[in-house]
Each structure stands twice: as C-alpha cells, then as structure tokens.
Amino acid sequence: QVQLVESGGGLVQAGGSLRLSCAASGRTFSSYAMGWFRQAHGKDREFVAAIWWSSTRYADSVKGRFTISSDNAKNTVYLQMNNLKPEDTAVYYCAAGAGLSTWLGGKYDYWGQGTQVTVSS
C-alpha cells in the first residue's frame with residue numbers, strides 16, 4: 001500500500017511559479033512510476049507529467065514550463081510549475097504505479113487527495 005499526500009498548491013498570478021510536492025509512504029518508492037495529473041472544473045482528468053527512475057515525460061501543454069523530479073531519500077516527487085497560465089487552474093493529483101507496466105501505459109494504482117492550483121489573469 002502506498003499513501004500519497006500532495007502540498008504546495010495555491011493562488012498565483014499568471015506568469016508566476018509554484019512547486020507541488022507529493023510525499024509517498026512505502027519502502028519501494030524509487031521503483032514506482034510517479035505521475036501528476038490535473039482536473040479542471042467540469043473537465044476530465046488529464047495527464048501532466050510522469051517520472052520513472054531518470055526518465056520523464058510531459059503533456060504537450062506543459063512542456064518547457066513544468067519540471068517533474070524526485071528525491072528518493074525523501075520519498076517525494078515534485079512538480080515545478082513556471083510561467084503559469086490561467087488554463088493551468090485545476091486540482092492537481094499525484095499518482096503512483098508499479099514501475100514499468102505503468103510507465104508503458106498501464107494504470108496508476110494509488111492517488112493522493114489533490115491540491116488546488118488557481119492561476120489568475
């Protein structure tokens with residue numbers, strides 16, 4: 001079982017930055033594929049970024065603006081968000097999945113409770 005707790009959301013003006021954190025429980029954190037997803041009001045949840053070992057991938061909408069990273073010593077994954085836009089407003093969720101199968105398109109098994117990010121214009 002893996003428990004995920006997100007933090008770092010808030011209200012920011014367009015062009016600003018935020019860093020989200022996701023603290024994970026469990027001794028095999030480094031083997032999990034970790035992802036960030038977001039869900040805007042009235043819209044479906046969408047993929048934002050993922051990391052597995054040293055590999056990363058991003059949604060086209062955030063490439064060049066967001067950076068995902070992890071600190072295995074702290075069992076924490078981060079999402080650095082720069083040059084934020086109003087369309088980035090959403091609840092951001094952290095998710096974890098069992099390594100390669102998740103990385104290759106499988107489901108994420110564990111989800112956090114979400115943290116709200118609001119970008120004002």
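**Group meeting: the core and the disulfide**

Okay, let's start with Y92, which touches E6, L20, W36, F37, R38, V48, F66, L79, M81, G114, T115 and V117, leaving aside residues up to four places away in sequence. Contact here means heavy atoms within 4.5 Å.

Quick caveat: this is a predicted model, where local features need pLDDT of at least 70, side-chain atom pairs count only at pLDDT 80 or more, and totals for chains, interfaces and linings use all residues. Numbering runs from 1 along each chain as its sequence is written, and side-chain values use heavy atoms, with hydrogens and water left out.

So where does Y92 sit? Y92 is among the residues with the most contacts inside the largest nonpolar core, along with L4, M34, W36, L79 and M81, and that core has 29 residues. Strand 3, strand 4 (33-39), strand 5 (46-52), strand 7 (66-71), strand 8 (76-81), strand 9 and strand 11 (115-120) each give two or more residues to this core. Strands are DSSP runs of E, at least two residues, numbered from the N terminus. A nonpolar core is a set of buried Ala, Val, Leu, Ile, Met, Phe, Trp, Tyr and Cys residues joined through side-chain atoms within 4.5 Å, and buried means under 20% relative accessible area (1.4 Å probe, protein chains only).

Apart from that one lies another core, of seven residues, including A33, A50, A95 and W103.

Now the disulfide: C22 is joined to C94, S to S 2.0 Å; the cut-off for a disulfide is cysteine sulfur atoms within 2.5 Å. C22 is in strand 3 (residues 18-24) and C94 in strand 9 (residues 90-97), 72 residues apart. The S-S torsion is about -80°, so this disulfide is left-handed. C22 is buried at 0% relative accessible area, and C94 also counts as buried, at 0%.

Definitions and conventions. Helix = DSSP H or I, 4+ residues; strand = E, 2+ residues; numbered from the N terminus. Buried < 20%, exposed > 50% of the residue type's maximum accessible area, 1.4 Å probe, protein only.
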